[in-house]
Amino acid sequence: MKKIVLKVLLFAFLCIPIFSFSHHPDNSLVYLKIYETNGIEGRFDINVNELNEFLGFDLDKHPSIEQIRKYEKEIKAYLLSTARFSSVYGDHPIVFTDELDTIKTEFGSFVLLFFKLENSTLIPDELDVTFKSFIEEDPLHENLLGIEYNWKAGLINNERLIALVFTKSEMRKSLSLTERSIWKGFKEMVRQGMLHIWIGLDHILFLLALMLPSVVRRIMKNSEDGELRSLENSKASQWRPVTNFKSAFLYILKIVTFFTIAHTITLSLASLQIIKLPSQIVESVIALSIGLAAYHNIRPIFKGKDWLIAFVFGLFHGFGFASVLGDLGIGGEFLTLTLLGFNIGVEIGQIVIIAFIFPVLFLIRKSKLYPKFLVVVSIFLIVASLYWMVERVFDINLGIEDALRYEAYKIAVKLGLKE
């Protein structure tokens, strides 16, 4: 039975890329400003990658304003056909201004298109919003609505709270313009933190690399007296399963604690703008962390100091988490609360991943195939690490993830994991 479980688990690990992708930009955003006398204004933040993929454009990863102007009419026409605002006062047509801008993120650039809502001199208590841009083309896509300024609710310091999330099953929602819902924004940031680590395959694979040796210990056989002795950096070492759950759990607890401390430090420092590193460097080092942790499983690099890998590279994973908050435009008076919610979400997501994988590893640890399983999966992690490093260091897209993306959705539908 354990051999069957082991083979199924190995197959699942090797198929991970079909079901999850590293930091894929599955969000478009709209931000609103509700004024006392000037009505409602806003802007759309649309990822350049989505414009190229779904509308057939050939924009550069970081296009100039002049290049965007070539497609300006088509972009605006598409948004007008996929976004709508209305209330008890009737429709509030979107009227775009001539202003265009861009912002750079680790996912490429976002195009910023500014607009005003007609018929918004009288501010309603609720606004019905339809925001289905790219969702019909990509069922995995989600759109977000954030509030930058809301006179009616007393938000006056350029807060950026995520108020609504639009998905395939909910492309139309009602937005309360009178509710100062700090708790609602906090809960959404917890959700975003959980979602980020679950869709961030590089974070998951790094945790996997750290967990693989948790249920075994590296040993070697002494030829003189036959006694089994621990030797963490021996080339002739073998693996012996741990004798009890406590030993393996304490190992995981130590590793995860150092990883958590590290990424919490840099997530806070980067979000508060105290330290900021180029995203290309951060993402490249995150990719390297997977391969190095996996190689350590095959040939130890740090004698008895697995926690050191978790801590050092955890610092860079924290910068990676912080980039998400920057990409969502999060800032303002409630940044500390937003940061707390996002970090809690990351920790919950991390605990769920460990709770799913660790018991299975403990169950199969005594199998004679486990050492081979550990090596094969570690090699797979090294290959994945090299793949991402090439993409990130040279800023290119090898296209494998995109090619598998829609197939992943179809498989997930058949398995009942997606609608």
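Two strands are taken to pair if DSSP finds at least two bridges between them, and the elements themselves are DSSP runs numbered from the N terminus, with helices being H or I over at least four residues and strands being E over at least two. The model is a predicted one, in which local features need pLDDT of at least 70 and side-chain atom pairs count only at pLDDT 80 or more, while totals for chains, interfaces and linings use all residues. Residues are numbered from 1 along each chain as its sequence is written, and side-chain values use heavy atoms, with hydrogens and water left out.

**The whole chain**

With everything shown, the protein has 13 helices and 13 strands. Of its 419 residues, 51% are buried, where buried means under 20% relative accessible area, exposed over 50% and partly exposed in between, with a 1.4 Å probe and protein chains only. Among contacts (heavy atoms within 4.5 Å) with a separation of 6 or more, 74% join residues 24 or more positions apart.

Begin at strand 4, which is joined to strand 3 by two bridges in the antiparallel sense; here Ser86 stands opposite Asp91. Move on to strand 3 (residues 83-87) and strand 7 (residues 126-131), an antiparallel pair with four bridges, in which Ser86 has Asp128 as its bridge partner. Then select strand 10 (residues 172-176), which pairs with strand 7 over five antiparallel bridges, one of them putting Val129 with Lys173.

**Helix 5**

Which residues of helix 5 (residues 72-82) are buried? They are Glu72, Ile75, Lys76, Tyr78, Leu79 and Thr82. Viewed down the axis of helix 5, these buried residues fall within an arc of 160°, and so they line one face of the helix; the arc is that of the directions from the helix axis to the C-beta atoms.

**Helix 7 and its two partners**

Select helix 7 (residues 201-211) with helix 12 (residues 370-393): their axes come within 11 Å and cross at roughly 145°, the axes being lines fitted to C-alpha atoms, for helices over the stretch in contact, with angles running from 0 to 180 degrees between N-to-C directions. This crossing is left-handed, a term for the near helix being turned anticlockwise from the far one by less than a right angle, with clockwise giving right-handed. On helix 7 the contact is made by Leu201, Asp202, Leu205, Leu208 and Ala209, and on helix 12 by Val377, Leu381, Ala384, Trp388 and Arg392.

Helix 7 passes helix 8 in a right-handed crossing, where Phe206, Leu207, Leu210 and Met211 of helix 7 meet Tyr251, Ile252, Ile255 and Phe259 of helix 8.

**Last stop: Ser289**

Finally, select Ser289, which lies in helix 9 (residues 279-298). Is Ser289 buried or exposed? Ser289 is buried, with a relative accessible area of 0%. Neighbours within four places in sequence aside, Ser289 is in contact with Phe206, Phe313 and His317.
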